[in-house]
Each structure stands twice: as C-alpha cells, then as structure tokens.
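Let's take a friendly walk through this two-chain model. Have a look at it first, then read on.

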Amino acid sequence: MTHKDHYNCQALLGNLSDYVDGCLSDELCQEIDRHLNECEDCRIVVDTLHKTIYLYQKSAEEAEVPGEVRERLFRTLKIEDYLQS
Amino acid sequence: MDKEQTEISVELLQTGDRHEFARMVDKYSNALYRLALKMLGNPRDAEDVLQNTFLQAFQHLKEFEGRSSLSTWLYRIASNEALMMIRRRRPEIDFSDAAREEEEGPGDYEPAELTDWGHLPEAEVLTSETRLVLDQAIQTLPETLRIVFILRDIEGLSIRETSQALDLSETAVKTRLLRARLRLRDELSVYYGEKMHNRSKK
C-alpha cells in the first residue's frame, strides 16, 4: 500500500471499516472508489476484507444450541416446566 | 432465533414471571451460545458461559433499568462471563497489552498477503475445512479484539451497542474492530493464497 495519488492508501486505512460498512458520505465513497480503480493492492484488501466479514457471518448462521444443552440449561435455571414450549 | 414473535416484557421478567424468563432464554440462547463458542473455542466452556449468563441475568433482572436494550444487556453479561473464563483459564495474560495497542490504531498496515481470493466461488470458500480455518483464525486474535469482532460483525450489534456491551468508547470499539478485521483478513489470505497457489500448480 505505497501507491501515491490524490486519495492515498494510508487515508483509505483510516476509513476502511466505515467504507466496508457503508457508513461514509457519497462524496468520500466516490473518492475511495476512484482510488480503488487505480490501486490494485487496496482493491484486493477491500475485496478480501469484505469477504472475510461475510464468511464469518455466513458460517455462524446455522449455529444453534444443541437440544441437550438447552435441556440442561432449563434444568439449571429451574424452568424445566417450559422445556416443551 | 425467535421461538415466539411477541416482544419479551421486562415488566413481567421483573415480577419474577418464569414463563417470560423461559421465553427470554429461548429467544437469546442461540446468539449467546454462538458468542461463547466463538470466544472460548469449545462447547463445554460455551455451555458454562451460557448457563452463567442466564443465572446472572436472573439474579440481576431487578437492576436492569433499560439504559440499553435487553439483548445488549445480555450480550454484556455473556461477554463478561466469557472474558472472565479466559482470564481464569490463563491468568498470565496481560489484558493491558491489547488496551495499549488499541491507542495506537492500525498504524502503517502492510498486508501480509495480497492474494486476490475475494472472487472465489462460495462453494469453494465455505467448505467444512474452511469453517475450521475460520474458527482457528478467530482463536488467534487477542480476546479483547475477538469479542469486538464477534459482537459487531458476527452478532451484528451497532458500534454504539458494542460499546455499551463492553463499556468501551466508540472510538476504542472502532479501533479494535479494524485491527481484528485486518488480522483475520491476513490469516484467511495466507490460507486461500496457498490454496490458489496449489491449484495453479496442478
């Protein structure tokens, strides 16, 4: 990330999270988009960062409390009367 | 995660209504279990954290004043429980290290690996093998970064909610989040980089 132009790589780093989360003004977004068109390294970092977050979200989607864990939890909390609900 | 559609009534909870408490447990246990599993990395510890979280919640429900939402309050208890368990397990960890690091921000980030794997098809990036890699990578993060990443990026809390759950400033949350994201990106890039390299050799 050493490419030098109007909007540089170091400035991108400061806005990286907000850019990935879509929390920046249109103007700043366009400036970053222009930079990403010219800077291959930054484009790769942004793309793979997006994908990293997406993969973690996706892989956690199906995680559920196993039935026996739920049962033990209800017993510990003394609410086993409501196990069926 | 909702078993029933209606909102949980804090009023009923605070009068000691057990049915409402059971509804709350069912509504939030998947999310809290997931958090604990990602924090601790093993199901037995995750179950302990889950149980302790609801035991704590039960004991302290009367003190809940609604300054944050009920879910943020539960995330807060679960995060504390998970961090305490890690501290008990490995008392030699110096948590102030991460705190010091966070003040410095990401500094001059140099990506460890620049493989362009972002465009790989999903069937290829999310196999059972890569799920393990994801789990291993998140375990390499310092706990104080890991919890921020889990709350914000996996559980989808806002920056503000994450800061409420962890008693941190929003600036600290943002700094830790960026560090966590970049470190995980680096870890995954090394893995996918090797994968793409091996494939091109075949």
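## Inside chain B

In this predicted model, 13 residues of domain 1 of chain B are in contact with 16 residues of domain 2 of chain B; contact here means that C-beta atoms, placed from the backbone, lie within 7 Å. Domain 1 covers 1-93 and domain 2 covers 95-108 + 115-202, with bounds from an automatic or database domain assignment.

On the domain 1 side, H2 and helix H4 (70-89) of chain B each supply at least two residues. H4(B) gives the largest share, 6 residues. By class, this side has 7 nonpolar, 4 polar and 2 charged residues. Helices are DSSP runs (H or I, at least four residues), numbered from the N terminus. Ala, Val, Leu, Ile, Met, Phe, Trp, Tyr, Cys and Pro count as nonpolar, Asp, Glu, Lys and Arg as charged, and the others, Gly among them, as polar.

## Where the chains meet

Between the chains, 38 residues from chain B and 31 residues from chain A take part in the contact. H2(B) gives the most to chain B's side, with 10 residues. That side of chain B divides into 22 nonpolar, 6 polar and 10 charged residues.

## Confidence and conventions

The model scores ipTM 0.89 and pTM 0.90. Mean pLDDT (the predictor's confidence in each residue, from 0 to 100) is 90 for chain A and 89 for chain B.

Residues are numbered from 1 along each chain as its sequence is written, while chains are lettered from A and ligands numbered from 1 in the order in which they are written. As this is a predicted model, local features need pLDDT of at least 70 and side-chain atom pairs count only at pLDDT 80 or more, whereas totals for chains, interfaces and linings use all residues.

Terms used
Two residues are in contact if their C-beta atoms, placed from the backbone, lie within 7 Å.
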